[in-house]
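This report walks through selected helices, contacts and salt bridges of one model. Please keep the sequence and the 3D view open while reading.

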Amino acid sequence: MLRLRLQWPRLFFLTFLGFHSCRFNGVPAEERLHWRSFLVKLGADNLKHAKNEELFVASHKSVYIVYTVLGDICLYVVGKDEYDELALAEAIFVITGSIKDICKKPPTERTFLDKYGKICLTLDEIVWKGILENTDKERIKRLVRLKPPTEF
Amino acid sequence: MAQPLVKKDDDRDDEAEYSPFMGIEKGAVLQEARVFNDPQLDPRRCSQVITKLLYLLNQGETFTKVEATEVFFAVTKLFQSKDVGLRRMLYLMIKELSPSADEVIIVTSSLMKDMNSKTDMYRANAIRVLCRITDGVLLTQIERYLKQAIVDKNPVVASAALVSGIHLLQTNPEVVKRWSNEVQEAVQSRAALVQFHALALLHQIRQNDRLAVSKLVTSLTRGTVRSPLAQCLLIRYTSQVIRESASNSQGGDRPFYDFLEGCLRHKAEMVIFEAARAITELSGVTSRELTPAITVLQLFLSSSKPVLRFAAVRTLNKVAMTHPMAVTNCNIDMESLISDQNRSIATLAITTLLKTGNESSVDRLMKQITNFMSDIADEFKIVVVEAIRSLCLKFPLKYRSLMNFLSNILREEGGFEYKKAIVDSIVILIRDIPDAKENGLLHLCEFIEDCEFTYLSTQILHFLGIEGPKTSDPSKYIRYIYNRVHLENATVRAAAVSTLAKFGAMVDALKPRIFVLLRRCLFDSDDEVRDRATLYLNTLGGDGEVVETDKGVKEFLFGALDIPLVNLETSLRNYEASEDAFDINSVPKEVKSQPLAEKKAPGKKQPTGLGAPPAAPPTTVDAYERLLSSIPELASLGKPFKSSAPTELTEAETEYAVNVVKHIYDRHVVFQYNCTNTIPEQQLEEVSVVVDSSDAEEFGFVLSKPLRSLPYDSPGQTFVVFEKPEGVPAVGKFSNTLKFIVKEVDPNTGEADEDGVDDEYQLEELEVVSADYMQKVGISNFRNAWESLDADLERVDEYGLGPRESLAEAVNAVISLLGMQPCEGTEAVPSNSRSHTCLLSGVFIGNTRVLARLQFGLTGPKEVAMKLAVRSDDIAVSDAIHEIVASG
């Protein structure tokens, strides 16, 4: 039990595509359902008339949530402690930027799923089990192809 | 479930057909995974299959043990391919599969090879995968490579190793701690993210070593930190150092304040906020220190970026709790945020305004909130309701408009939690503001007329039963209560019957009419309702005439059950049905203290509303009273005048946790030591506290009541009683030593050894101060109360308080010295003001009401003078208050 608590990530994110595709990164399986319904409700209340890439922010108990709409995708980044709303805004900025680059424009459901594998790799480079690992779009693009960064 | 985006309902079907995952099915994908075993690997196809597997996993699909093993073995074959894209997929796939220990061995050698590869990126990824799946044994094998990787010149490799370190520290701390030299080197890295990760890891490694953290902070605040993220961490660690050093260096300049203040001009907003927050959270922050941070935050309130507005208003909201006056400058900006698109921001703005507003702005604010309430979610509404409750307690004269607001929103749509919050607030206001009582009770009566929540209805009925009979015209509530008997479900009907009976018992004039109503309930369709009606009709007596109800009967029917419910429950569970009836006197009355876990997490003390009276444990005061009266030696002392909040006498996480509660009586003081034994292998016996009162001359030792045994994690109390002169607020210091016999406990049987060893344990000092003799009792209208006291019993004098950090600090010092309740929000001192008036009220030992009017003024640079006027029912008490100030 204790170990589970320690491993609770300080930062995680999810992408929602409609209701049938939802990707969690860094959330223990038993928490997923709870988060999913909480965030879907949050999105339903607020994202209806949102402009593309307009950022929303909320706090729930001790965590912060920064979320946005990108084409057909709803994106939520959740964090606590040092990952407060400002660090999360930084993270979501990298994620939206990378997804746009991969899909060439704000993604539709189709383009997002077509590039699903590449998007998974990109997210893997950005956050690793609750710790922000990379924040530079160009570098991430290279890392996904196993190319070293251009500058050291 | 709501669907966030339904823009494209029309062409959804067409779109879905093209989805690469249309009709995806686990069995089929596992079949496809056999391509991993082909001698001629097709990297493209393999990548596609992996993508499908990832998709399944991310959808929450689970593999059985057999399936997972099969997929894992197939995946490991892919190491044979030299295709770069496939290799990257492979790394991710292994991480997602999180193989079991016996499977890990299969990939270890392949990953070790990659870890020593010439290609940097293979190294970085292999490290990440290995650390994700490794166990302790494997870790010692690869430790050498990890240490090298931390100082690798490629930042990606270094970051991979450092982040691995952060994760591994949770499971294998002793290994990771050996890397601190390398991590220290990485902190100096020129790569921004490496520095960020290294700093985080180094701090975690050293977090228990205050000196090392302090050194780290000192060196980095002088050097350069490249990434804003790392700078934020540094600010956090700096405030930690400031907090810990605060106790050592009283007065003088605060260390590192200049660093924090400098960060307010950093180019990254993230850093500015972190610094502003750090400053606002400094303990005992002065208004001079606070000003630059508030100014910066105020600018962000009108930023175009929602995240910045949110961060600013969230921080100011926190500041408003402790320094409401410092935030008032931002009120205009904050008011414009009420209409912010982002409801979280709007709610925070509202609640901040509620905290900083003054009495005159309440009405205007309430108007704005009324419009706002209809379009926010319940959870935000609850926050607003709680803020309004505290506002009303702060400005009791405004209760009318605030109470009306609460009753209006009570009538609107809302879920249970929200309604409960409103009802709780009304109940608290009724309790604390006498003028609001009748009005509030009627609002509650109206609410139960169409309340859909059984729980709330029964709670309100219970509350009406307690408060209603004490009002000037109890009969007007009867109609509301009796209506429930007609219209509600059985639970509510039973509650209504009890409430009616209470009115009958308390108000003799109503008794005949109540009897008529109760008789009608005898034909109810529910057993419980009938039983209750019968019981009340038979016990209240008088056969429905106007007679006084027997006191014993009242006590029997409505008196508090002086047995903790938990104990009763345990006894009932243990009771085996037999010839002997259950004897309620056999239930132990001793209140078992809270379990260890709860005590360690002291929650915010919030006034409890309805939930408290019937179900929840009695208030602490009641609990103390019951505990004290259950001990014969202490019961004879009478009722305590005041019980203090517990003071810790040990540091956190020591072997024995002891805190003390001071119970003040007219002629005695009782120290109640709450002891907890935190060592499972020990049992303590004959536990007592030896008190040295040589620094407390007016006190004479009377008796000590030791605790027979103190097993692990089951708190117990020992008491020491002192005599003191009657009515005199005697003060003094007491030093304490815990004495006990320690016995070892066999971990297998849980039994203690026969032989024990005498031991003692030094506790911290405790002090009885003047404030212990004063009860904080608020009043709603200070002026009326002041004028109702005889002006001849007033004592006025002037005092020089010497150099003080600020006016606010001086005001707070006097308030805590006297231990009285500030009235009408006068404890808050506007920043930059040169004079201030503070109104206090309380009850002094001997049950004498005391009011004090304090006028503060700045006489020179930082010199504060005070004029103190005290009125009370007894001139001697007025004098005593002056003596306290004069000697304080």
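## A surface pair in chain B

Glu261(B) has a relative accessible area of 22%, so it is partly exposed. Here buried means under 20% relative accessible area, exposed over 50%, and partly exposed in between (1.4 Å probe, protein chains only). Arg265(B) counts as exposed, at 60% relative accessibility. The side chains of Arg265(B) and Glu261(B) meet in a salt bridge, 3.5 Å from N to O. A salt bridge is a side-chain nitrogen of Lys or Arg within 4 Å of a carboxyl oxygen of Asp or Glu.

## Basis of the model

The model is predicted: local features need pLDDT of at least 70, side-chain atom pairs count only at pLDDT 80 or more, and totals for chains, interfaces and linings use all residues. Residues are numbered from 1 along each chain as its sequence is written, chains are lettered from A and ligands numbered from 1 in the order in which they are written, and side-chain values use heavy atoms, with hydrogens and water left out.

## Other salt bridges

Over all chains, the count comes to 46 salt bridges. One of them joins Lys420(B) to Asp424(B), with the closest N and O atoms 3.3 Å apart. Both residues lie in helix α25 of chain B, 4 residues apart, about one turn of the helix. Helices (H or I, at least four residues) and strands (E, at least two) are DSSP runs, numbered from the N terminus. Lys420(B) is buried, and Asp424(B) is buried too.

Glu760(B) and Lys739(B) also form a salt bridge, their closest N and O atoms being 3.6 Å apart. Glu760(B) sits in strand β10 (residues 757-762) of chain B and Lys739(B) in strand β9 (residues 732-744) of chain B, so the pair ties together parts that are 21 residues apart in sequence. Glu760(B) is partly exposed at 48% relative accessibility. Lys739(B) is partly exposed as well, at 38%.

## The interface of chains A and B

Contact means heavy atoms within 4.5 Å. By that rule, 67 residues of chain A are in contact with 68 residues of chain B. The two chains bury about 5800 Å² between them, 63% of it on carbon and sulfur atoms. Buried area is the accessible area (1.4 Å probe) that two parts lose on being put together, summed over both. In chain A, Leu86(A), Trp128(A) and Leu146(A) lose the most area to chain B, together 14% of what that side buries.

Between chain A and chain B there are 9 salt bridges. Glu85(A) and Arg277(B) meet in a salt bridge through their side chains, at 3.2 Å from N to O. Helix α2 (residues 29-46) of chain A gives the largest share of the side of chain A that touches chain B, 9 residues. Separately, Asp124(A), Glu125(A), Glu133(A), Arg88(B), Lys95(B) and Arg128(B) are linked in a network of salt bridges.

Phe273(B) is in helix α16 (residues 269-280) of chain B. Its relative accessible area is 0%, so Phe273(B) is buried. Leaving aside neighbours within four places in sequence, Phe273(B) is in contact with Leu86(A), Leu297(B), Phe300(B), Leu308(B), Ala311(B), Ala312(B) and Thr315(B).

Thr51(B) is in helix α3 (residues 43-58) of chain B. Thr51(B) counts as buried, at 11% relative accessibility. The side chain of Thr51(B) reaches the backbone oxygen of Ser47(B) at 2.8 Å. Not counting residues up to four places away in sequence, Thr51(B) touches Tyr116(A), Gly117(A), Phe21(B) and Met89(B).

Helix α21 (residues 343-356) of chain B has 14 residues and reaches 20 Å from its first C-alpha to its last, close to the 20 Å expected at 1.5 Å a residue. The expected span of a helix is 1.5 Å times one less than its number of residues. In α21(B), 13 of the 14 residues are buried, so this helix is largely enclosed by the rest of the structure.

The buried residues of α26(B) include Leu441(B), Leu444(B) and Phe447(B). They pack against α24 (399-411), α25 (416-432), α27 (454-467) and α28 (475-487) of chain B.

Conventions:
Polar contact = N/O pair within 3.5 Å; in protein donor to acceptor, adjacent residues only side chain to side chain.
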